[in-house]
Amino acid sequence: MSFKATDFTHRLVPSPAGRIHLVEQGTGPLVLLVHGFPESWYSWRHQLPALAAAGYRAVAVDVRGYGRSSRPDHVDAYRMLELVEDQAAVVHALGERSAVIVGHDWGATIAANSALVRPDIFRAVGLLSVPYAPRGGPRPSEIFAQMGGNDEIYVSYFQEPGRAEAEVEPDVRGWLARFYAAFSGDTMPAPGAPDPHFVSAGGTLRDRFPAGPLPAWLSEDDLDVFAEEFERTGLTGALNRYRNMDRDWEDLADLDGAPIAQPSLFVGGTLDASTVWLADAIEAFPTTLPGLVSSHLLDGCGHWIQQERTAEINRLLTGWLASLPA
């Protein structure tokens, strides 16, 4: 099903980035939806009408560097504190004083830090796929450099300016199709196959992506929507998020180990490396998310959770939202 023609309202609002593009549907309490890599507002196409029907003002943004939002030139313009202030600016530009923020992938990390840094604005936080893990430990680049043995983890691969762009941009649509398939529950490589989270020496990330059909959640039209945006903008703005992880570690030093006190929700997939590798973070939720309302792991689900399991995510989100104080 394609959502190119809808009754969604598109608008541009001012932010520290310059402007943020957002898509809005419904009226009621504001719910801000923040996507991850390599996605856009469109990854929330199934949640916008469901939240609107449940009585909420649902707003999905293009994170700075993506889509029609501004794309600053400097790498450090994509540090986490800048992205948090973008989300706060969206709330204010919409004439609201507060919002619930829900994020997926990098969007989950943006949502978690928005709740930490701006508790005056973000009254509750929903995290999809990536659990909250408080700032702490060694510098991130040092941790990632130790992973993978003779292989290189994708995060380190993405952190070198221009390197991933050279792989992706000659065939954006084909690369995205295989990237989405590599981390979807129904199309990911079989157990024992080379792990697509890692790059072999002298190779590319794509070398380990599966061949075959698109994931069931991704139509050709949907893929066109994602690909057309990145063909127009390139990948640098999106990849610059990875290139600021050490800066974030420095910027957020005062929040070392900090819990998120607001009411929260977590939903992950059992086949997603984010939940497997960060299992200890999920176990620590009683300490790190003392306001946790509920936590769920969806069997057989991969990384693109709100697109793979639309009905379940919509049910969990609307149920959680209904439980929040007015």
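Two strands count as paired if DSSP finds at least two bridges between them. Helices (H or I, at least four residues) and strands (E, at least two) are DSSP runs, numbered from the N terminus.

A word on what you are looking at. This is a predicted model, in which local features need pLDDT of at least 70, side-chain atom pairs count only at pLDDT 80 or more, and totals for chains, interfaces and linings use all residues. Residues are numbered from 1 along each chain as its sequence is written, and side-chain values use heavy atoms, with hydrogens and water left out.

I will start with strand S6, residues 122–128.

What does S6 pair with? Strand S5, residues 99–104, runs parallel to S6 and is joined to it by six bridges. Within that pairing, Ile 101 stands opposite Val 125 of S6. Strand S9, residues 264–269, also runs parallel to S6, with four bridges between them. There, Leu 127 has Phe 266 of S9 as its bridge partner.

S5, helix H3 (residues 106–117) and S6 form a right-handed β-α-β unit. Right-handed means that, with the strands pointing away from the viewer, the path from the first strand over the helix to the second runs clockwise.

Now Arg 97, in the loop between helix H2 (80–93) and S5. Is Arg 97 buried or exposed? Arg 97 is exposed (over 50%), at a relative accessible area of 77%. Leaving out residues up to four places away in sequence, Arg 97 touches Val 91, Asp 120 and Ile 121 (heavy atoms within 4.5 Å). The C-alpha atoms of Arg 97 and Asp 120 are 8.6 Å apart, with the two residues 23 apart along the chain.

Key: Buried means under 20% relative accessible area, exposed over 50%, partly exposed in between (1.4 Å probe, protein chains only).
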